[in-house]
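Welcome! Take a moment to turn the model around on your screen before reading on.

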Amino acid sequence: MGRDTIADIITSIRNADMDRKVTVRIASTNITENIVKILLREGFIENVRKHQESNKYFLVLTLRHRRNRKGAYRTILNLKRISRPGLRIYSNYQRIPRILGGMGIVILSTSRGIMTDREARLERIGGEILWGLPGMKEQKWIHEGLITESLPNGMFRVRLDNENMILGYVSGKIRRSFIRILPGDRVKIEVSRYDSTKGRIIYRIRNKDSNN
């Protein structure tokens with residue numbers, strides 16, 4: 001199995017950022033150059049220059065650090081690899097996650113090249129979700145929908161407000177509290193980032209909740 005070049009780049013940048021290093025050197029390829037251009041344009045790094053050594057090209061990144069009131073460094077490059085060689089994650093432009101309410105970015109590989117989530121939405125094009133920053137781990141995809149069918153083993157067919165049909169299941173507090181879910185109920189469902197056709201029902205919306 002080949003090396004995961006993107007994961008190696010993320011690890012190099014993240015480790016250098018955590019170690020408070022001013023610069024970090026990564027291999028120069030078409031995909032790394034496109035990703036670094038996005039990081040530079042979005043203000044996550046201060047500068048980049050191309051360096052040649054023994055007929056090989058490298059990119060030398062100057063990292064950007066923030067200081068708190070006490071003057072200590074606080075890392076800002078909380079990079080998170082999403083799609084991997086063993087588990088490719090794709091999304092259409094409508095389902096691309098928003099990190100920190102749009103303050104972070106998601107980097108995608110599309111048929112029109114490497115671009116951010118904002119660019120992909122403007123172009124109305126989806127693709128493979130390569131990585132996100134910052135806080136991808138905390139980002140959840142929560143939707144509202146209508147229970148259309150009850151299935152065996154605590155499973156339900158749910159029609160989301162965007163008209164997509166997914167398979168939902170009950171767990172956690174709803175299961176422990178024996179909250180009854182019936183066809184016709186409106187629910188909140190947390191959609192799996194690894195399989196957008198399935199999700200976990202986390203809340204049954206009462207009539208007064210939906211009216212509000």
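## The chain as a whole

Take the contacts in the chain between residues at least 6 apart in sequence: 57% of them join residues at least 24 apart. Keep in mind that this is a predicted model. The chain contains five helices and 15 strands. It has 212 residues, and 37% of them count as buried.

## How confident is the prediction?

The chain has a mean pLDDT of 80, with 82% of its residues at 70 or more. Over residues 66-74, however, the pLDDT is below 50, and this stretch has eight contacts in the model beyond near neighbours in sequence. Residues 135-139 also have pLDDT under 50, and here the model has 13 contacts beyond four places in sequence.

In soluble globular proteins, nonpolar side chains tend to be buried together. Here the largest nonpolar core has 23 residues, and Ile13, Leu39, Leu61, Ile107 and Trp131 are those with the most contacts inside it. Two or more residues each come from helix H1 (5-18), strand E1 (23-27), helix H2 (30-41), strand E3 (56-63), E8 and strand E10 (127-133). H1 gives the largest share, five residues.

Which residues does Ile107 touch, leaving aside its neighbours within four places in sequence? The list is Ile35, Ile38, Ile114, Met115, Glu128, Ile129, Leu130 and Trp131.

## A look at Thr110

Thr110 belongs to strand E8, which covers residues 105-110. Is Thr110 buried or exposed? Thr110 is buried, because its relative accessible area is 12%, which is under the 20% cut-off.

The side chain of Thr110 has two backbone partners to look for. One is the backbone nitrogen of Arg112, reached at 3.1 Å. Another is the backbone oxygen of Gly113, 2.8 Å from a polar atom of the Thr110 side chain. Not counting residues up to four places away in sequence, Thr110 also touches Met115, Ile125, Gly126 and Gly127.

## A look at Leu167

Leu167 lies in strand E13, residues 165-170. With a relative accessible area of 23%, Leu167 is partly exposed. Beyond its neighbours within four places in sequence, Leu167 is in contact with Leu151, Met155, Phe156, Thr197, Lys198 and Gly199. From Leu167 to Ile201 there are 34 residues in sequence and 9.6 Å in space, C-alpha to C-alpha.

## Charges over rings

The charged end of Arg25 is over the ring of Phe58, 4.0 Å from its centre. The charged end of Lys50 is over the ring of Tyr57, 5.2 Å from its centre.

## Two positive phi angles

Most residues other than glycine have a negative phi. Arg124 has a positive phi, near 55 degrees. Arg124 is in the loop between helix H3 (117-123) and E10, and it counts as exposed at 57% relative accessibility.

Asn153 also has a positive phi, near 60 degrees. Its place is the loop between strand E11 (141-151) and strand E12 (155-160). Where Asn153 is concerned, the relative accessible area is 75%, so it is exposed.

Definitions and conventions
Residues are numbered from 1 along each chain as its sequence is written. Side-chain values use heavy atoms; hydrogens and water are left out. A charge sits over a ring if NZ of Lys or CZ of Arg is within 6 Å of the ring centre and within 35 degrees of the ring normal. pLDDT is the predictor's confidence in each residue, from 0 to 100. Contact means heavy atoms within 4.5 Å. Helices (H or I, at least four residues) and strands (E, at least two) are DSSP runs, numbered from the N terminus. Buried means under 20% relative accessible area, exposed over 50%, partly exposed in between (1.4 Å probe, protein chains only). A polar contact is a pair of N or O atoms within 3.5 Å; within protein, one must be able to donate a hydrogen and the other to accept it, and residues adjacent in sequence count only if both atoms are side-chain atoms. A nonpolar core is a set of buried Ala, Val, Leu, Ile, Met, Phe, Trp, Tyr and Cys residues joined through side-chain atoms within 4.5 Å.
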